[in-house]
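Please keep the sequence and the coordinates at hand while reading.

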Amino acid sequence: MSNPIEEQKRLIEKLYILVRKSAPIGSSDIACRFRYFQEKDGSRAVDEQFWYFIDGKRVSALLIDDVATNPMLIVPELHAKMKAHTGGDWQAFTLMINKDGSVSTKFEYPEVEA
């Protein structure tokens with residue numbers, strides 16, 4: 001049986017590579033926010049907002065098309081693996097590549113009404 005954390009890291013690594021390749025040389029503070037939608041009828045969608053800074057200015061752009069790294073396939077798989085492992089049901093996450101080269105992710109969960 002495979003390790004669920006390693007599987008999740010592998011999927012995030014694929015997205016990292018796509019985001020990194022999509023930013024031009026000389027850019028910094030690169031980020032992409034992936035939103036995941038799953039409807040009651042089982043249909044799914046992913047949308048993405050990609051940006052980076054170059055010469056101190058924020059630039060919004062599109063991720064490159066890469067058949068091997070399709071967010072429409074990777075994001076739902078990551079969501080399913082994380083939900084199965086932790087029960088967490090996030091709606092979006094941002095993958096950030098900081099100026100110093102460090103990488104972080106921030107997952108957004110729906111607010112629970114009391």
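Glutamate 77 has a relative accessible area of 32% and is therefore partly exposed, where buried means under 20% relative accessible area, exposed over 50% and partly exposed in between, computed with a 1.4 Å probe on protein chains only. The model is predicted, so that local features need pLDDT of at least 70 and side-chain atom pairs count only at pLDDT 80 or more, whereas totals for chains, interfaces and linings use all residues. Residues are numbered from 1 along each chain as its sequence is written, and side-chain values use heavy atoms, with hydrogens and water left out.

Glutamate 77 forms a salt bridge with arginine 10, and the closest N and O atoms are 3.7 Å apart; the term stands for a side-chain nitrogen of Lys or Arg within 4 Å of a carboxyl oxygen of Asp or Glu. This pair links distant parts of the chain, since arginine 10 belongs to helix H1 and glutamate 77 to helix H2, 67 residues apart. Helices (H or I, at least four residues) and strands (E, at least two) are DSSP runs numbered from the N terminus. Arginine 10 is likewise partly exposed, because its relative accessible area is 38%.

| Salt bridge | Closest N and O atoms |
|---|---|
| Glutamate 7 and lysine 81 | 2.9 Å |
| Arginine 10 and glutamate 77 | 3.7 Å |
| Lysine 83 and aspartate 89 | 3.9 Å |

The pair of glutamate 7 and lysine 81 also joins helix H1 to helix H2, across 74 residues. Glutamate 7 counts as buried because its relative accessibility is 18%, while lysine 81, at 24%, counts as partly exposed. Not counting residues up to four places away in sequence, lysine 81 touches Glu7, Gln8, Arg10 and Leu11, where contact means heavy atoms within 4.5 Å. The C-alpha atoms of lysine 81 and asparagine 98 are separated by 26 Å, although the two residues are 17 apart along the chain.

Five strands in the order E3-E2-E1-E4-E5 form an open sheet with antiparallel pairing; two strands pair if DSSP finds at least two bridges between them. Strand E3 (57-61) and strand E5 (103-108) are the edge strands, each pairing on one side only, and the twist from one strand to the next averages 20°. Angles run from 0 to 180 degrees between N-to-C directions, with axes fitted as lines to C-alpha atoms, for helices over the stretch in contact. Helix H1 (residues 4-22) packs on the sheet and touches E1, E2, strand E4 (92-97) and E5, its direction making about 55° with that of E4. Helix H2 (residues 71-86) also packs on the sheet, touching E1, E2, E4 and E5, and its direction makes about 110° with that of E2.

Within the sheet, nine bridges join strand E1 (residues 28-38) to strand E2 (residues 44-54), and phenylalanine 37 stands opposite alanine 45 in E2. E2 and E3 pair in the antiparallel sense over five bridges, with phenylalanine 50 opposite alanine 61 in E3. These two strands form a hairpin with two residues between them, and aspartate 55 in the turn has a positive phi of about 55°. E3 lies largely in the open because zero of its five residues are buried.
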